[in-house]
Amino acid sequence: MNHFAELVANRRSVRQYADKPLLPSEVELIMKAALMSPSSKNSRSWQFVLVEDKEMLQNLSASKSVGSAFVAHCALAVAVLTDPLASEAYVEDAAIAATYIQLQAEELGLGSCWVQIRGRERADGYDSEQFVRDLLEIPSNLAVECLIAIGHKAKAEKPHSEESLQWEKLHIGTMHYMQ
C-alpha cells in the first residue's frame, strides 16, 4: 500500500487559498486526527483553538514579523496549545498533533502551512506567543506552539521528488565522518 507514501510526497506548505469555507465534516476529521495523535505517556498535553472568523484570521495574520500574513486568507487556523506541566515532552506532543492535522488536511485535498509561534516576535518586537494568547484569550498556563493555516488550495503544488532526497543525511549505525 503506497497511500501514506503518496500523502507524504504530496503534502507541501500551502500559503495561497481559495475563498471557500471548509465543510464541518472536514474540520471534524482534521480535529479527530489531532485528538488521536500520540503523546508522551499518553499525557495528551495539547489543546486546540479553532478560528474561522475572518476578522480574527486577519488579526492572527499579524502574529509574526514575517511568515504569517497568509493566515488572513485561510479558511481555518488551528492554534496548537500545550500544557508544559502535563508532560516533559509538551513541545513534541504539540508538534506531533500539528503534523497529524497537516497530514489529515492533505488527505482531504486541502492545503496547510505551519506558522511557528513559540520563540517568535512580531515586527514591533512584541512576543508572538503573548500576542496570540491575548487575541484568543488563552490562559497563561498553556503554551502556544504554532498555528496551522488550512484551506482549499488556490493552485496545485508539485509533489516532492525522490530525486531531491538527501540520502547523504542518512547514517547507518554511527555518524562517522571522514576528515
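Me: In which loop is Ala89 found?

Reply: This is a predicted model, in which local features need pLDDT of at least 70 and side-chain atom pairs count only at pLDDT 80 or more, while totals for chains, interfaces and linings use all residues. Residues are numbered from 1 along each chain as its sequence is written, and side-chain values use heavy atoms, with hydrogens and water left out. Helices (H or I, at least four residues) and strands (E, at least two) are DSSP runs, numbered from the N terminus. In these terms, Ala89 is found in the loop between β2 and α4.

Me: Does Ala89 count as buried or exposed?

Reply: Buried means under 20% relative accessible area, exposed means over 50%, and partly exposed lies in between, with a 1.4 Å probe and protein chains only. The relative accessibility of Ala89 is 15%, and therefore Ala89 counts as buried.

Me: With which residue does the side chain of Ser87 make a polar contact of 3.3 Å?

Reply: A polar contact is a pair of N or O atoms within 3.5 Å; within protein, one must be able to donate a hydrogen and the other to accept it, and residues adjacent in sequence count only if both atoms are side-chain atoms. Contact in general means heavy atoms within 4.5 Å. Not counting residues up to four places away in sequence, Ser87 touches Ser40, Ser43, Ser45 and Asp93. The polar contact of 3.3 Å joins the side chain of Ser87 to that of Asp93.

Me: At what angle do α1 and α4 pack?

Reply: Two packed helices are described by the angle between their axes and the distance between the axes. Axes are lines fitted to C-alpha atoms, for helices over the stretch in contact, and angles run from 0 to 180 degrees between N-to-C directions. The axes of α1 (residues 3-10) and α4 (residues 90-107) are 10 Å apart, and the packing angle is about 100°.

Me: Which residues of α4 make the contact with α1?

Reply: The contribution of α1 consists of His3, Phe4, Leu7 and Asn10. From α4, the contact is made by Leu103, Glu106 and Glu107.

Me: Which residues have the most contacts inside the largest nonpolar core?

Reply: A nonpolar core is a set of buried Ala, Val, Leu, Ile, Met, Phe, Trp, Tyr and Cys residues joined through side-chain atoms within 4.5 Å. The largest has 21 residues, and the elements giving two or more residues to it are α3 (54-60), β2 (76-82), β3 (110-116), α5 (128-136) and β4 (143-152). Those with the most contacts inside this core are Leu60, Val71 and Val132.

Me: What is the phi of Asn42?

Reply: Asn42 sits in the loop between α2 (24-35) and β1 (46-51), and at 51% relative accessibility it counts as exposed. Although Asn42 is not a glycine, its phi is positive, at about 55°.
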